[in-house]
Amino acid sequence: MSWLWAIIVGLVLGLLARAILPGRQRIPLWLTVIFGILGSLIGNALASGLGVHDTKGVDWIRHLLQLAGAVVIVALGAPLWQAVRGRSRGRHR
């Protein structure tokens, strides 16, 4: 069940990150989910390092750090994906 939860959270965070970033990110949905999952892991690690990993009620700081992590991963990963994808398409022509 935790894998399903990670995929759902990754999808939501990835889509939010893509909506926050300006312009269009030409990455597939599966990569959006992976970037969202990576962002949530980075956000959780930062929250633990800052001592806000376990609070009473809703962990807003942790959630914001997860979203920030997803934004950074999508911002860095989308151009990298395009560069790799563009190179591989050029070989097949």
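This is a predicted model: local features need pLDDT of at least 70, side-chain atom pairs count only at pLDDT 80 or more; totals for chains, interfaces and linings use all residues.
Twelve residues form the largest nonpolar core here: L13, A17, L21, I27, L31, F35, L67, A70, V71, I73, V74 and A78.

**Around the core**

- In soluble globular proteins, nonpolar side chains tend to end up buried together.
- I27 is one of the core residues. Setting aside neighbours within four places in sequence, I27 touches R18, T32, F35, V74, A78 and W81.
- Of those partners, F35, V74 and A78 belong to the core as well.

**Helix 1 against helix 2**

- Helix 1 covers residues 2-20 and helix 2 covers residues 29-50; the two pack at about 100 degrees, with 7 Å between their axes.
- Angles of 65 to 115 degrees count as roughly perpendicular, so that's how helix 1 and helix 2 sit relative to each other.
- On the helix 1 side, the contact uses A6, I7, V9, G10, L11, L13, G14, L15 and R18, while helix 2 brings L29, T32, V33, G36, I37 and S40.
- Sorted by class, this contact has nine nonpolar, five polar and one charged residues.
- L13 turns up in this contact and also in the core, and R18 of helix 1 is in contact with I27 too.

**R62 in helix 3**

- R62 is part of helix 3, which spans residues 60-91.
- The side chains of R62 and D59 are joined by a polar contact of 3.2 Å.
- From R62 to V72 it's ten residues in sequence and 15 Å in space, going C-alpha to C-alpha.

How values were computed
Residues are numbered from 1 along each chain as its sequence is written. Side-chain values use heavy atoms; hydrogens and water are left out. Axes are lines fitted to C-alpha atoms, for helices over the stretch in contact, and angles run from 0 to 180 degrees between N-to-C directions. Helices (H or I, at least four residues) and strands (E, at least two) are DSSP runs, numbered from the N terminus. Angles under 35 degrees count as roughly parallel, over 145 as roughly antiparallel, 65 to 115 as roughly perpendicular and the rest as oblique. Contact means heavy atoms within 4.5 Å. Ala, Val, Leu, Ile, Met, Phe, Trp, Tyr, Cys and Pro count as nonpolar, Asp, Glu, Lys and Arg as charged, and the others, Gly among them, as polar. A polar contact is a pair of N or O atoms within 3.5 Å; within protein, one must be able to donate a hydrogen and the other to accept it, and residues adjacent in sequence count only if both atoms are side-chain atoms. A nonpolar core is a set of buried Ala, Val, Leu, Ile, Met, Phe, Trp, Tyr and Cys residues joined through side-chain atoms within 4.5 Å. Buried means under 20% relative accessible area, exposed over 50%, partly exposed in between (1.4 Å probe, protein chains only).
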